[in-house]
Amino acid sequence: MSVTLDSPLGALVGDRSQKAFQKAFGYTTVADLLGHYPRRYATRGELTSIAEIPPGEHATLVAEIVSVSTRSMRQKRGSVLEVAITDGTGLVTLTFFNQAWRQKDLREGARGIFAGKVGLYRGARQLAHPDYELFEDDPSEQAQEEWAKKPIPLYPSTSSLASWQIAKAIGVVLDVLDVSGEPVPDAIRETESLASLAWSLEHIHRPKEQDQWQKARDSLRFQEALVLQTALAVRRAEQKNVESVARTPGADTNAFLAGLPFELTPDQSSVINEIHEDMSSPHPMTRLIQGEVGSGKTVVAACAMVTVAQTGGQTALLAPTEVLATQHFRSLVKTLGPDMTARLNPVLLTGSLPAAVKKKALLAAASGASHLIIGTHALLSDAVSFADLGLVVIDEQHRFGVDQRETLRQKGRHPHLLVLTATPIPRTVAMTVFGDLDVSTIATMPEGRSPITSHVVALADHPSWMTRVWQRVAEEVENGRQAFVVAPAISPSVREEEHEEQEISPEEPEPRALATVEETLPLLQAVPELQSARMEALHGRMPTDEKDEVMSRFGAGQCDVLVATTVIEVGIDVPNASIMVILDADRFGMSQLHQLRGRVGRGEHPGTCLLVTHAEQGTLARARVESVASTLDGFELAAKDVELRSEGDVLGVRQSGVRSRLKLLRVTRDGDIIDKAKGYADEIVSADPTLAGHKALVFEIARHLDEDSEDYLEKT
């Protein structure tokens, strides 16, 4: 039987094991399993004499078995196999639970090497379930030394699949694997001193020495970078071969810019010029604009919309939530001004609109009566069509997958694409995640933004501080200002669907009950200092018109304290709001906390953000919150975010696309590798645009994209 990387896993490990791997990790093929790399390597340690081993230490012993016995367990069913060994300096007992079958190997007089952690049982030293290897003949000192220093791979595991079971299954596969073809071309492997794929797979899983798994890991890491960058290079090449309608600025664009009541920042002007240069090209623009909360991305996008409308085209703006879509609608109407709003005739299209209003919006989009259609996922519906879709604007890209982005673009004749994000991205992350997009950055903030101070309210250290938190809110309200209070849940039984909960690592304690909007509002109403304050609640489960009414009252100053979920995360602008309290702050992602914080300090009054957490000092959860409090620089925070979390979720919800399967590559650490791989990828695609001569590389790309390799090759 010929076993290749795309062979079904079940044929090798059996149906039962295959189902376990599929349930635990989604693995169905040999390549999937072999891509489950060890998370670290243990060593059996230097050889130790029994007389010297202290409890709690990992020991490796060369010893002889002097007795073997079994006994029944007292508290539950099953047996215990006890094997006494000696090296002449003392005795230690090996203990195996429910593994009586090991008596066939572990016989009196047999000698071997035994490794494990030393424990105490009734005052005697023991090794529970140790690793061991018995000698068939009298071993040489060299053989003993080699075995003791051989690395032990430890795999990411689950309750149903232990590390040693994973290692065993991988060993079965490696014994019969036939690797044909190299994803990394020979010339590149030679230049970069990389090992072959077959050698790398063998030695990352079954190394005899430390330098073997290190070389294998380095070779596979480079391969991963090349695969990702080649996929992105193919996408860039495809875009260059597509023709689009050129959209050039003219009188309307100039009038819009001249009519702005403020002066653009240098970054805004620079990005507008980049956009106009892109859209004047006969090929579609694909540009990502990243900038801090409040950096002025909306004005830049509005300018592009006016330019497209001037040439008869339409813009579709896709927002992740109805609240944000509505906020964009209002903000753009305000930014465009009365005359330009009349020219563009913007319409709002969301799922909860009344049928008559929705029908009118659909007609305006299809007929071309509207040049600006703002909506949610409703825009992706088959019922939505456009007369001349010239520009697609995606807000908060991390909430949408690559497929959704393409679905909207396909409603036009290769429209230009503008992606907006308030989540700053380190350069190497942008290269890996958005490698098919040109990246523009708005780093400078407009004039008039007030400073924001952030403080961690550590209730684990100071439970009484909560009283002072509400006093600070009361002080701001008394001075005529307004407050946000954010909770991660709507009620004890209902989470906010749009809330992206931070993952809890296995080392962290079980999370406590979350703060909720429904419980926090009456709690605040009972605070003596807030008796006269006007308070309202806001969350994603409320009807759209009710949410809009609450936000309108808050924006008009008719509400003093807004108790809300993360629906206020982006797009909400209330200049008079000066303080934000985020309850259970450790339950939010770092970028999310940064965006929430950006809702205050938007006017003449300085902003204050109080990050309330029950997380203990020294935990990862506490470290995340403290990192947010330590800096207002979103780009610095983004880099810290990547360090504390994996790249796979640095922007929130994992997207479909080439970044979904990073295994060994770390974009904050491996920038040089990514740079180098990008150069090679561009050369490969330039010389062979269809990748017809790189079938092994195509196989890896298709695997990362969850596609069939033949389909991908045909498409390319």
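Helices (H or I, at least four residues) and strands (E, at least two) are DSSP runs, numbered from the N terminus. Keep that in mind for every label below. This is a predicted model, in which local features need pLDDT of at least 70, side-chain atom pairs count only at pLDDT 80 or more, and totals for chains, interfaces and linings use all residues. Residues are numbered from 1 along each chain as its sequence is written, and side-chain values use heavy atoms, with hydrogens and water left out.

Begin with the whole chain. The chain holds 24 helices and 23 strands. Of its 716 residues, 55% count as buried. Buried means under 20% relative accessible area, exposed means over 50%, and partly exposed lies in between (1.4 Å probe, protein chains only). A contact means heavy atoms within 4.5 Å. Take the contacts in the chain with a separation of 6 or more: residues 24 or more positions apart account for 73% of them.

Next comes confidence. pLDDT is the predictor's confidence in each residue, from 0 to 100. Its mean over the chain is 84, and 85% of the residues reach 70 or more. Over residues 497–510, however, the pLDDT is below 50. The model still gives this stretch 36 contacts beyond near neighbours in sequence. Residues 646–660 also stay under 50, and for them the model has 49 contacts beyond four places in sequence. Where pLDDT is low, the predicted coordinates should not be read in detail.

Now look at helix α12, residues 322–344. How far does α12 span between its end C-alpha atoms? It spans only 21 Å, whereas a straight helix of 23 residues would span 33 Å at 1.5 Å a residue. The expected span is 1.5 Å times one less than the number of residues. Just after α12, N345 takes a positive phi of about 50 degrees.

Compare helix α13, residues 355–367. Its 13 residues reach 18 Å from first C-alpha to last, close to the 18 Å expected at 1.5 Å a residue. Which residues of α13 are buried? They are A361, A364 and A365. These three lie on the same side of α13, because they cover an arc of only 95 degrees around the axis. The arc is that of the directions from the helix axis to the C-beta atoms. Strands β10 (314–318), β11 (347–349) and β12 are among what covers these buried residues. The face turned away from the buried side carries the exposed residues A355, A356, K359, K360 and L363. After α13 comes G368, with a positive phi near 90 degrees.

Helix α12 also has a part in the largest nonpolar core. A nonpolar core is a set of buried Ala, Val, Leu, Ile, Met, Phe, Trp, Tyr and Cys residues joined through side-chain atoms within 4.5 Å. The largest one has 35 residues, and those with the most contacts inside it are F256, I275, I289, M305, L336, L391 and L418. Two or more residues each come from α10 (266–279), α11 (297–310), α12, β12 (372–375), β13 (389–395) and β14 (416–421). The largest share, 10 residues, comes from α11. Zoom in on L418. Leaving aside neighbours within four places in sequence, its contacts include I275, I289, A301, A304 and L391.

Some single residues deserve a stop. G90 sits in the loop between β3 (79–86) and β4 (91–97). At 18% relative accessibility, G90 counts as buried. Beyond four places in sequence, G90 is in contact with I50 and I85.

H129 has a positive phi, near 50 degrees, and is not a glycine. Its place is the loop between β6 (124–128) and β7 (131–134). With 38% relative accessibility, H129 counts as partly exposed. L691 is not a glycine either, yet its phi is positive, about 60 degrees. L691 is found in the loop between α22 (671–687) and α23 (695–704). Is L691 buried or exposed? L691 is buried, with a relative accessible area of 0%.

Finish at T520, in helix α17 (residues 517–525). T520 counts as buried at 6% relative accessibility. Beyond four places in sequence, T520 is in contact with V485, A515, V563 and L583.
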